[in-house]
Amino acid sequence: MLLARLAGTSRDVAATSARSRKIAALADLFVGTRPEDVALVIAYLAGRLPQGRIGIGWSVLKEPTPPAATPTLTVSATDTALTALADVTGPGSQGERKRLVHDLMASATADEQEFLRRLLIGEVRQGALDAIALEAVAKAAGAPATDVRRAVMLEGSLPRVARALLAEGPSALQQFQLRVGTPVLPMLAHTAKTVTEAAHALDAPCAVEEKLDGIRIQLHRRGDDIRIYTRSLDDITDRLPEVTDVARQMTGDQFILDGEVIALDPAGRPVSFQDIASRVGSRVDVDAARATLPLSPVFFDVLAADGEPTLDLPGTARHSALARLVPEPMRVRRTLIEDPADAQQTAAAEEFFTATLRRGHEGVLVKALDAPYVAGRRGRSWLKVKPVHTLDLVVLAAEWGHGRRTGLLSNLHLGARAADGTYVMLGKTFKGLTDEMLRWQTERLRELATGDDGFTVTVRPELVVEIAYDGVQRSPRYPAGVTLRFARVLRHRPDKPAEQADTIEQVLDSRG
């Protein structure tokens, strides 16, 4: 497939907000996609590089290269070029990367060059996420989207399912079954502001469970074969020997458990997510890492028991199976709301939420007891409730948008006040911005602009924005060594002078 075809579809998808039109455009693209190219096409549409980060930034991409007059560059040739870029290391690597980028850009038309720039710097934001691509693949192959969704859930890979589906047709879906040892995409949750709101939204008996700030794991055991996977389906078995030990002590067999690994300090308080992530990410001297920070698994669901799938069972039946497999100390704390209309029960659940926060955990998950496990989707039968943190921060710069946001200043660089009157950058966000907010902030930031390199507009630090975020985490990328988790814009605060924005000390204190 020519990259020009993909780039054009990406542009068309970005130009519409209608989900049905996005799906139709992508389905038309997939009809003409060779099965062997589909994995690359899906990755590029979602803004992902199979090679991961390859060290190419704006400083290299801003150098102009005369475009090709006609499209000849294919998707597979693009992948070959990017693989060569990723493999460049050692002395002279910077010059070699520039040469390879120049060669790639020289073989691309102007439209293809623009797509490649956005792909390389992570700016492909046309809404062609996996959920939309999945429905488009289903439409292209003439298969029910629900069947394709279940196959992807069980296989853990849209590209693998798509390749089989486009090559063999709907009958290919029969080969994708739940297998102990093959990771399954985890079920995710939507949000609610309060436990009471969540219970009323579910309007059914529900469980209220602690939401732990650990690493999501999926534990598979088949005889002596034990595998542990992350939520992104990476195999981390070798890094969690304590979880393997726990699995061997369980009496059941042929099971798949869903849970988290956490760590507690000497006072019994949960250790920060980043410390856990650092421990799980360590691939060397696992025994020393285990001695320094031992991890404990806590489980809250079961996807298979005794070799039989439990995905389609209601939550009550799955919890009974979980209780047979997992001792109570390793099961997540929970309380029940039998009747969401009962004010006393919801009040008790709110107290459980408050107690969970006091124990140092993130919040709670409210789960309908009659719902199945809908893997790989953000199901409406699970609702997460967390306290909302907000900060008033100053905009230091903004990046020009792409797709539907072309011509608008979108990604905001956020700063907190420092004691010396300067501002300390904490990260970036484009989330939460409506079309009206984008138009307003573009006009305002142009008035405050002090520089524009064609990619980023620096501004006088005068505009304050109210930012919601889930927490503060360490980050060596920013001057204070921290950044905000899941930051999103709530509103602009033109009424508030920058001198009244929150300080970096307040941000650091909010870590607890």
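Two strands pair if DSSP finds at least two bridges between them, and strands (E, at least two residues) and helices (H or I, at least four) are DSSP runs numbered from the N terminus. The model is predicted, so local features need pLDDT of at least 70 and side-chain atom pairs count only at pLDDT 80 or more, while totals for chains, interfaces and linings use all residues. Residues are numbered from 1 along each chain as its sequence is written, and side-chain values use heavy atoms, with hydrogens and water left out.

**Exercise 1.** Determine which strands pair with strand 5 and how its faces are covered.

*Solution.* Begin with strand 3 (residues 215–222), which pairs with strand 5 in the antiparallel sense over 7 bridges; here His220 has Ile256 of strand 5 as its bridge partner. Next, strand 6 (residues 296–305) runs antiparallel to strand 5 and is joined to it by 7 bridges, with Phe299 as the partner of Gly259. Finally, check burial (under 20% relative accessible area, 1.4 Å probe, protein chains only): Phe255, Leu257, Gly259 and Val261 are buried on one side, and Ile256, Asp258, Glu260 and Ile262 on the other.

**Exercise 2.** Locate the buried residues of helix 11 around its axis.

*Solution.* First list the buried residues of helix 11 (residues 195–202), namely Val195, Ala198, Ala199 and Leu202. They lie on the same side of the helix, because they cover an arc of only 100° around the axis, taken from the directions from the axis to the C-beta atoms. After the helix comes Asp203, whose phi is positive, near 50°.

How values were computed. Buried < 20%, exposed > 50% of the residue type's maximum accessible area, 1.4 Å probe, protein only.
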